[in-house]
Amino acid sequence: MKRIGLMLLIVILAIPVLGNVGAQGDDVVTLTFWDNQQTESGLSAYQQAAVDEFEAAYPNIKIDVVTVPYTEYQDRLILAVQGGNAPDISTVDQIWNPAFAVAGAVMPLDDYIANSETVAEDAFFPGAWQSAMWDNQVWGIPFNVDVWQFSFYNKALFEAAGVDPESITTWDGLKAAAEALTDPDAGQYGVGLFGFPNESIVVVVDSFIFSNGGAVLHEDGSCALDEPESVEALNYLVSLIPYAPEGLLNTKNEDIRQLFLNGSVGIEWWPALEQPTLQSSELDWGFVAGTAPEGKTPVGTYGGWNLVIYDQSQHKEEAWKFIEFLTSKDVNGKVVDLIPANIEAAQSFLAENREGADMILEHLNNAQPRPLSPNYLELSDIEQQMIQSIFSGAAVEDAVADACSQINDLG
Amino acid sequence: MAAQIRVHTAKRSSPQRKETHGLGLAILFVLPAAVLVLTLMYYPMIRTFYESLFSTSFLNPTPEYIGLQRYSDMLHDSDFWQIVQNSLVWTISVVLFQNVFGVLTALLLNQNLPGKSLMRGIVLLPWVLPGIVAALLWRFMYDPQLGLINSILISLGVTTQKTAWLAEPGMAMVAVIVAAVWKGFPFSTVIYLAALQGVDQQQIEAAQIDGANAVQRFFRVVIPSISGIIRLNLLLTTVFTFNYFDMIWVTTRGGPLDSTHIFPTIIYEYGFGKFKFGDAAAYGVVAVLILSVFALLYLYELRESIRGRAS
């Protein structure tokens, strides 16, 4: 009996060792890749098809794709990094990239880029490449881009109110259209202004400031929100409040989408990524690129995601191969639901998948990035609070003065 | 616990060896639970306090010792006092109304009315609904354009305006309190229903014979009989409410303008919204300190009620 027990013990102890021997023979590396999904374009299925293609080309690398809903993506990534369970590769929002670099969560990629045949700076949109730079090193490879915002409009409502859609590219035109389209008794609102404190309202407000020739920060890093151009843009947004649905401070852009889709809102603001959602709806819609004061060009706010390799990864070489694959001109367009960051891929992607490809490209080329700083999230938080104060009735001058004193204290 | 068992074993058997054996056995039984409590509860709590003494964030993963600096900064920060004020308003209001409604519905369900069992089941619905689902439900109902509440009020002619319940700084707190009371009062109902069934019917009948009316019977006989349970339930619901995260996070995320931020939501926002783990830890420690007062009161009440029953 004792002998049988001993043999059993030996067998149990030996199983993990034998298992390892087998694994070493196969030498298969499994990479974990995290991405988030922002649209209803069926991204996961496209990514899986690309992954199958990659695995066929590299039989020794397996990819485990994890798609996380956008709203919880940031929390999950931070938790994973803090808990030592970071994926090998993930997408990170452009605005997180400097923070991830400074925190040591991700690794610099300059050496890989120097030896790469496919990844080079001039293959990507310049603003996107810039967003991955920190301290003269490259910490991510641009994956996808987009620009806030395009004004999507409801054709039927515009026709009924006799409004020319092109008129809403100017501030005066937008306000006049909003007024003409608004009829609160009928539950109809001209413009889908929202004010819930998150990044979406920051990019919209920034684009109004940029379009008026203003900026969030001066070149020396000090706050520029109290400059006349910014103040004017913020006052202009306040003047649109009577034409927006009630409950501005707790309204998200997703709430506005619901109202737009059911015909209660005439104009909604989104990046081009809104198109798949609208295409799958029954709404008759059109869109124009941004809004600016008469005589000025609408300037959008740059957005997008970069691919990073985590410092904790045990398979950095293999991870780099996967990044090269995902950002190549033939593949990049198949694995994104925004616009591919690879310029060649973007051109064919837009022609195939988006209406108004030229307009989108032009708006993308005019776009300005948000401040690239490891403190960006704090800066954004201050801006969000400022916008909430202004939308709840505080004087613009007082709110920007308060925000600027906080931003300048960030250092 | 170990001491109690030791006393019992000592009474039963005098030999020294048996007593030691009993003690060892007691420790053996208690050990797994003790290890679990230590690792899952006390270690994270102590670790949180330790974390709050350092300036740590996602950007500065290397901790820098700052001692109690953060606590002294916090006491001079108006945002902190706003959180304290919000937490007090939220907790006191929700607990008060939950308990009042709890007692009233329990009294109703304690009557011999037709369909009593069915009603008892239905009244429990809000409590068994998952927190996120309940919060989403209320978010939809409060929606200014599409929400049920505005559409009912407008169709009844109460108002012509679409009220943005969750978007006005003064109104939002009231709105989340109403939602939380709805979600939580069935818990109190169940507790009080059980308590009411333990009230001595003879006393009530005696009071009735002596000429006490329904209100007098309620305040002079029923309430004193269940006062121990009321105190316990008040304490329990206070702890639940103080820690209640989902309702506020889903409906307002602490806004507008921080007017509904309470301790759990601000801790989450500092930790995961701003990556300021040290600040999140400090708020966590203060929350634990506040809750400890209630926990001690709860333990005291529990001991008193056990003593009361024993005597």
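This is a predicted model: local features need pLDDT of at least 70, side-chain atom pairs count only at pLDDT 80 or more; totals for chains, interfaces and linings use all residues.
Colleague: Into which domains is chain A divided, and what distance separates their centres?

Modeller: Domain 1 of chain A covers 2-145 + 303-366, while domain 2 covers 148-301 + 373-409. Taken over C-alpha atoms, the centres of domain 1 of chain A and domain 2 of chain A are separated by 32 Å.

Colleague: Where these two domains touch, which element supplies the largest share of the side that belongs to domain 1 of chain A?

Modeller: The contact draws 20 residues from domain 1 of chain A and 21 residues from domain 2 of chain A. On the side of domain 1, α4 (97-102) and α15 (357-366) of chain A each supply at least two residues, and by class that side has eight nonpolar, seven polar and five charged residues. The largest share, five residues, comes from α15(A).

Colleague: Are α16(A) and α17(A) roughly parallel or roughly antiparallel to each other?

Modeller: Helix α16 (residues 376-391) and helix α17 (residues 396-410) of chain A pack with their axes 9 Å apart, at an angle of about 165°, and their crossing is right-handed. Angles over 145 degrees count as roughly antiparallel. The two helices, α16(A) and α17(A), are therefore roughly antiparallel.

Colleague: Which classes of residue make the contact of α16(A) with α17(A)?

Modeller: From α16(A) the contact takes residues including Leu379(A), Ile382(A) and Met386(A), and from α17(A) residues including Val396(A), Val400(A) and Ile407(A). Glu378(A) and Glu383(A) of α16(A) also take part, as does Gln406(A) of α17(A). By class, the contact has 10 nonpolar, two polar and two charged residues.

Colleague: How many residues of chain B are in contact with chain A, and how do the residues on that side divide by class?

Modeller: On the side of chain B, 17 residues are in contact with 24 residues of chain A. By class, the residues of chain B that touch chain A divide into 12 nonpolar, three polar and two charged.

Methods
Residues are numbered from 1 along each chain as its sequence is written. Chains are lettered from A and ligands numbered from 1 in the order in which they are written. Domain bounds come from an automatic or database domain assignment. Two residues are in contact if their C-beta atoms, placed from the backbone, lie within 7 Å. Helices (H or I, at least four residues) and strands (E, at least two) are DSSP runs, numbered from the N terminus. Ala, Val, Leu, Ile, Met, Phe, Trp, Tyr, Cys and Pro count as nonpolar, Asp, Glu, Lys and Arg as charged, and the others, Gly among them, as polar. Axes are lines fitted to C-alpha atoms, for helices over the stretch in contact, and angles run from 0 to 180 degrees between N-to-C directions. Angles under 35 degrees count as roughly parallel, over 145 as roughly antiparallel, 65 to 115 as roughly perpendicular and the rest as oblique. A crossing is left-handed if the near helix is turned anticlockwise from the far one by less than a right angle, and right-handed if clockwise.
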